[in-house]
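Have the sequence and the 3D view open side by side. We will walk through the structure one stop at a time.

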Amino acid sequence: MTIQQLKYIVALDEERHFARAAEVCMVTQPGLTIQLKNLEEEIGIKIFDRNKVPLTPTILGTEIINRAKKILREADEIRDFVVNEKNLLEGELKLGIISTLSPYLIPLFIKAMKEAAPKVHFIIREANTGQLMKDLETGALDVVIMATPTGNPNLIEHPIFKEPFVAYLNELHPMANDEFYEMQPGDKTELLLLHHEFCYNAQLLDICGLKTADKIKEQFTYDISSIETLKNLVRAQLGFAIIPQLSILNDSASGFFKPFKEPIPVREISLVVSDSFSKKLLLEKMNEAIWNCLPDSLKKDFAYRKIRWNDSPYFVKSVSKFM
């Protein structure tokens, strides 16, 4: 028994004529007749007396039709409920964000979302990529802002923008006075990475053409997870860093950062949800709010090279140690 079959018998009851009922249901008359026959055979009851003109329901058929009408009304109510839920801009939303983006985007995002969805209460959690993806799949988080693609078939990605990487150099670096940065032989061994940020580190290694972190000099092991700490280490001439462009919004006059030449290495930033997430309008509002609060430099067209992380040998090897 299907909803469509119930619609057919209700239409037949209202029209009392196979041809007119078929027209109302936008189906061929033979098709409607076959579906009625299938339903009657399934339940073992004749719903209509075909020997009477006009077509007349049987006694049990009348009861079945009345129940069908009730079921169809409830189905419509479910449909209306789902539409309302998809368009609801209130309630609680658990939002996760990667720690290499959170300090720079969240202050801008919160201000924009206060205007776009004032009745939504956001619970924001900052964590590394692996933990955020796990929390999405278990339902601990509703939406995550992170670098994509994830390569996870259970997650749906909604790209928002492409964030360029920039080189962060100290004043003694050989390219400190150049307009653009190009990789120098000594930079690869001086590259600073973040502790347990395997997604981010994998992207940096890709940019530098490294498959592992084995060639990086480790006289000191820095157990840090902050881009701001990386920047301070560079200023102290203790290494070389590649960082996301949003992290230098307040450093525009410092002269420590240098853009790459085109095609510029970028990371794709997306809103990521589970395949069961239903609040589509809220997702659209979040996407729009993030885009509108970005600096104009990130909205311009430019030649780029999207840096992946999920298929990186370094990422796969590093994550496997913590599984």
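Start at Asp13, which is buried, with a relative accessible area of 15%. Buried means under 20% relative accessible area, exposed means over 50%, and partly exposed lies in between (1.4 Å probe, protein chains only). Asp13 forms a salt bridge with Arg16, and their closest N and O atoms are 3.1 Å apart. Arg16 is partly exposed, at a relative accessible area of 30%. A salt bridge here is a side-chain nitrogen of Lys or Arg within 4 Å of a carboxyl oxygen of Asp or Glu. Side chains of opposite charge can pair when their charged atoms come close.

A word on the source. This is a predicted model, in which local features need pLDDT of at least 70 and side-chain atom pairs count only at pLDDT 80 or more, while totals for chains, interfaces and linings use all residues. Residues are numbered from 1 along each chain as its sequence is written, and side-chain values use heavy atoms, with hydrogens and water left out.

Now step back to the whole chain. The protein chain is divided into domain 1 (3-79) and domain 2 (163-265). These bounds come from an automatic or database domain assignment. The C-alpha centres of domain 1 and domain 2 lie 70 Å apart.

Next, find helix α3, residues 29-43. Helices (H or I, at least four residues) and strands (E, at least two) are DSSP runs, numbered from the N terminus. Helix α3 has 15 residues and reaches 22 Å from its first C-alpha to its last, close to the 21 Å expected at 1.5 Å a residue. The expected span is 1.5 Å times one less than the number of residues.

Which residues of α3 are buried? They are Leu32, Leu36, Leu39 and Glu40. They cover an arc of only 95° around the axis, which puts them on the same side of α3. That arc is taken from the directions from the helix axis to the C-beta atoms. An α-helix has 3.6 residues a turn, so residues three or four places apart point the same way. The buried residues of α3 pack against α1 (3-15), α2 (18-24) and β1 (48-49). The face of α3 turned away from this buried side carries the exposed residues Pro30 and Glu41.

Look at both ends of the helix. At the start of α3, a side-chain oxygen of Thr28 comes to within 3.1 Å of the backbone nitrogen of Gly31. After α3 comes Gly44, whose phi is positive, near 75°.

Glu40 is buried, with a relative accessible area of 5%. Its side chain meets that of Lys46 in a salt bridge (3.9 Å, N to O). Lys46 counts as exposed, at 54% relative accessibility. In total, the structure holds 14 salt bridges. Another of them joins the side chains of Asp311 and Arg308 (3.1 Å, N to O). Asp311 is partly exposed at 48%, and Arg308 is partly exposed at 34%. Salt bridges that share partners join Asp13, Arg16 and Lys69 into one network.

Two more stops remain. Lys231 lies in helix α9 (residues 227-235). Is Lys231 buried or exposed? At 1% relative accessibility, Lys231 counts as buried. Leaving aside neighbours within four places in sequence, Lys231 is in contact (heavy atoms within 4.5 Å) with Tyr168, Ile243, Ser247 and Asp251.

Finally, Ser99 lies in the loop between β3 (90-98) and α5 (102-116). Ser99 is buried, with a relative accessible area of 11%.

Terms used. A polar contact is a pair of N or O atoms within 3.5 Å; within protein, one must be able to donate a hydrogen and the other to accept it, and residues adjacent in sequence count only if both atoms are side-chain atoms.
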